[in-house]
Amino acid sequence: MPWPLGITWPSALSAYPAILLLVVLATWLLPMPAAYHPLTLFRYFAQQLAAKVNPDPRRSRQQLYISGSLALLVAWLPAMALLYSLYLFSELPLVLDALLLYASLDWYSTQQQAKTVLQRLQAGQLTLAREQAKPLLCRKTTTLSEMGLTKALLESLTLRSACHVVGVCLAFLLGGGLAAVGYRLLTELQQQWNPKRDQYRHFGTPTTSLAGLLTAIPKLVSCLLLALQHGVWRSYQLCRTTRRFNINRSSFWLLCCASAALRRSLGGPVYYNGLKQQRSKIVQPNEPVVKDIQSAISMLQFSHLYLLIMITGGSLLQLVWQLKH
């Protein structure tokens, strides 16, 4: 594969790992502000579309399933068709891959929002912290204590890291920029139309079911990354001894691994739409404290780095194999 300046890329070696490393480095050094990020516009589009096609959440369950499925197709298919058409006319498909990957990664915005909440909590501004945490949380925040809000943020950051960073990277390695952005748009639709909210209880079910299948592997990979760094046996023991209740299996395993890594209790009851819902309680000797938010951000950033190191190592081994044969 010819590259600029006369550099030749081995034809049997995928260029995606190298592009992934460069783009992730670019998101660290030159992050895109949330106000200008394409996903911000897509979130607004998803909200407006849902308001049009789901005006009355009291309709029959079957009608809501149908309208939710159609809304998924309307939101996802045209965007993917438009992006695919760009490849048909592009003379630099790898550059287009890199741009789409860059647009699919928005971890910087997520961690900045979490740091803002952290600053409010450290300043003793709990009410303001609750308000600013809403974009990161689906549950009711107005009644959360400082510890409850901290725990909710730890869980949200862990799950978002798996779905929005690890998942996007894996999708890119498998199918390039188009796969990465297609996966990311689907997870964004699931977030905007979460069935845990009353107005999307049945409307968002088709999107959530599909997203649940696609995010299962990224969550398991994230489990492995955290367990390898912070203790495989401790993570396994916590997963085995904690009873799973009212929580997705892959999400449960991931939260267990995060709890073992942070050595803080996670899970427990949550309030959605004013109703208390029981969940698995992942018990540790200590409850979360405010400073754990920064610890979680650092832990997850290191797991991203660990993933990149593993991808780089695998690519180098493949290169050595190709050179020997």
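Q: Is serine 250 buried or exposed in this predicted model?
A: In this predicted model, serine 250 has its place in helix H10, which covers residues 249–262. A residue counts as buried when its relative accessible area is under 20%. The relative accessibility of serine 250 is 8%, so serine 250 counts as buried.

Q: Which residues does serine 250 touch, not counting residues up to four places away in sequence?
A: Serine 250 sits in helix H10, and its neighbours up to four places away in sequence are set aside here. With heavy atoms within 4.5 Å taken as contact, the residues that serine 250 touches are Ala216, Lys219 and Cys223.

Q: How many Å separate the C-alpha atoms of serine 250 and lysine 52?
A: Along the chain, serine 250 and lysine 52 are 198 residues apart.

Q: Is aspartate 97 buried or exposed?
A: Aspartate 97 belongs to helix H4, which spans residues 93–104. Buried means a relative accessible area under 20%, and the relative accessibility of aspartate 97 is 4%, so aspartate 97 counts as buried.

Q: With which side chain does the side chain of aspartate 97 make a polar contact?
A: Leaving out residues up to four places away in sequence, aspartate 97 touches several residues, among them Tyr16, Phe172 and Leu178. A polar contact requires a pair of N or O atoms within 3.5 Å. At 2.4 Å, such a contact joins the side chain of aspartate 97 to the side chain of tyrosine 87.

Q: How far apart are the C-alpha atoms of aspartate 97 and serine 250?
A: Aspartate 97 lies in helix H4, whereas serine 250 lies in helix H10. The two residues are 153 residues apart along the chain, and the separation of their C-alpha atoms is 29 Å.

Q: What is the length of the polar contact between the side chains of glutamine 192 and glutamine 47?
A: Glutamine 192 is part of helix H7, residues 146–192, and counts as buried because its relative accessibility is 14%. Apart from neighbours within four places in sequence, glutamine 192 is in contact with Arg43, Ala46, Gln47, Arg197 and Tyr200. The side chains of glutamine 192 and glutamine 47 are joined by a polar contact of 2.9 Å.

Q: Where does proline 57 lie, and which residue is 7.0 Å from it, C-alpha to C-alpha?
A: Proline 57 is found in the loop between helix H2 (38–53) and helix H3 (61–89), and with a relative accessible area of 35% it is partly exposed. Setting aside neighbours within four places in sequence, proline 57 is in contact with Leu64, Asp198 and Gln199. Although 143 residues apart in sequence, two residues are 7.0 Å apart in space, C-alpha to C-alpha, namely proline 57 and tyrosine 200.

Q: What is the phi of asparagine 246?
A: Most residues other than glycine have a negative phi. Asparagine 246 lies in the loop between helix H9 (232–241) and H10, and at 47% relative accessibility it counts as partly exposed. Although asparagine 246 is not a glycine, its phi is positive, at about 60°.

Q: In which loop does arginine 263 lie?
A: Arginine 263 is a residue other than glycine, yet its phi has a positive value near 60°. At 45% relative accessibility, arginine 263 counts as partly exposed. Its place is the loop between H10 and strand S1 (266–267).

Q: Which residues does serine 303 touch, not counting residues up to four places away in sequence?
A: Serine 303 is located in helix H11, residues 292–324, and it is buried, with a relative accessible area of 4%. Once residues up to four places away in sequence are set aside, serine 303 touches Leu225, Leu226 and Gln229.

Q: What is the radius of gyration of the chain?
A: The secondary structure of the chain comes to 11 helices and four strands. For 325 residues the globule rule gives 20 Å, and the value of the chain is close to this, so the chain is as compact as a globular protein of that length. The radius of gyration of the chain is 21 Å.

Key:
Residues are numbered from 1 along each chain as its sequence is written. This is a predicted model: local features need pLDDT of at least 70, side-chain atom pairs count only at pLDDT 80 or more; totals for chains, interfaces and linings use all residues. Side-chain values use heavy atoms; hydrogens and water are left out. Helices (H or I, at least four residues) and strands (E, at least two) are DSSP runs, numbered from the N terminus. Buried means under 20% relative accessible area, exposed over 50%, partly exposed in between (1.4 Å probe, protein chains only). A polar contact is a pair of N or O atoms within 3.5 Å; within protein, one must be able to donate a hydrogen and the other to accept it, and residues adjacent in sequence count only if both atoms are side-chain atoms. The radius of gyration is taken over C-alpha atoms; the globule rule is 2.2 Å times the number of residues to the power 0.38.
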